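Keep the viewer open while you follow along.

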Amino acid sequence: MCLLQRGEVEYSLRAIPLGGYVAFPDDDPKTSKFPQDDPDLLQNRSIPERALVISAGVIANVIFALAVLFAQVRLATAHGGVGSSCSSSSCTAVFAVWAASAVQQC
């Protein structure tokens with residue numbers, strides 16, 4: 001749905017935000033078009049830098065889950081809380097509209 005490229009890195013936001021991947025150009029040194037001593041390759045980075053790159057996907061998923069949780073709590077409290085006149089279908093519709101507007105801003 002939304003694609004952004006900065007330098008050699010491509011970022012995207014998909015319609016269904018489930019799953020994801022990170023492609024490393026040095027996964028297979030035999031077919032890699034980059035020299036083995038390129039400082040941008042993951043294998044040539046320090047261990048803390050590698051750990052940060054590898055854990056970035058997990059961190060992004062946790063942030064997304066927290067954002068969804070806070071949005072649901074905000075919607076629930078805006079409609080009087082649990083057990084109020086807000087049926088689950090109307091709350092779901094409100095959340096869907098909110099999510100669609102957030103994606104359109106990208």
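The dialogue below moves from the overall layout to single residues.

Q: Before we start, what kind of model is this, and how are residues numbered?
A: This is a predicted model, in which local features need pLDDT of at least 70 and side-chain atom pairs count only at pLDDT 80 or more, while totals for chains, interfaces and linings use all residues. Residues are numbered from 1 along each chain as its sequence is written, and side-chain values use heavy atoms, with hydrogens and water left out.

Q: Which elements does the protein have, and in what order do they run?
A: Helices (H or I, at least four residues) and strands (E, at least two) are DSSP runs, numbered from the N terminus. Here there are two helices and two strands, and from the N terminus on they follow the order β-β-α-α.

Q: How do I read the span of helix 1?
A: Compare the reach with the expected span, which is 1.5 Å times one less than the number of residues. Helix 1 covers residues 47-78, 32 residues, and its first and last C-alpha atoms are 45 Å apart, close to the expected 46 Å.

Q: Where is the kink in helix 1 centred?
A: The bend at a residue is the angle between axes fitted to the seven residues ending there and the seven starting there. In helix 1 a kink of about 40° is centred on Ser55.

Q: How much of the protein is buried?
A: Buried means under 20% relative accessible area, exposed over 50%, and partly exposed in between (1.4 Å probe, protein chains only). Of the 106 residues in the protein, 8% are buried. The accessible surface, from the Shrake-Rupley method with a 1.4 Å probe, comes to about 8700 Å², and carbon and sulfur atoms hold 63% of that area.

Q: What share of the contacts links residues 24 or more positions apart?
A: A contact means heavy atoms within 4.5 Å. Among the contacts with a separation of 6 or more, 20% join residues 24 or more positions apart.

Q: Which residues does Leu3 touch?
A: Leu3 sits in strand 1 (residues 2-6). Setting aside neighbours within four places in sequence, Leu3 is in contact with Glu10, Tyr11 and Ser12. Leu3 and Leu13 are 10 residues apart in sequence, with their C-alpha atoms 6.6 Å apart in space. Leu3 counts as exposed, because its relative accessible area is 59%.

Q: How many salt bridges are there?
A: A salt bridge is a side-chain nitrogen of Lys or Arg within 4 Å of a carboxyl oxygen of Asp or Glu. By this rule there are two. Asp40 pairs with Arg45, with the closest N and O atoms 3.3 Å apart, and Glu49 pairs with Arg45 at 3.8 Å, N to O. Through shared partners, these salt bridges join Asp40, Arg45 and Glu49 into one network.

Q: Are Asp40 and Glu49 exposed or partly exposed?
A: Asp40 is exposed, at 53% relative accessibility, whereas Glu49 is partly exposed, at 36%.

Q: Where is Arg45, and what does Arg45 touch?
A: Arg45 lies in the loop between strand 2 (9-13) and helix 1, and is partly exposed, with a relative accessible area of 31%. Not counting residues up to four places away in sequence, Arg45 touches Pro39, Asp40 and Arg50. The Arg45 side chain also reaches the backbone oxygen of Pro39 at 3.1 Å.

Technical notes
Polar contact = N/O pair within 3.5 Å; in protein donor to acceptor, adjacent residues only side chain to side chain.
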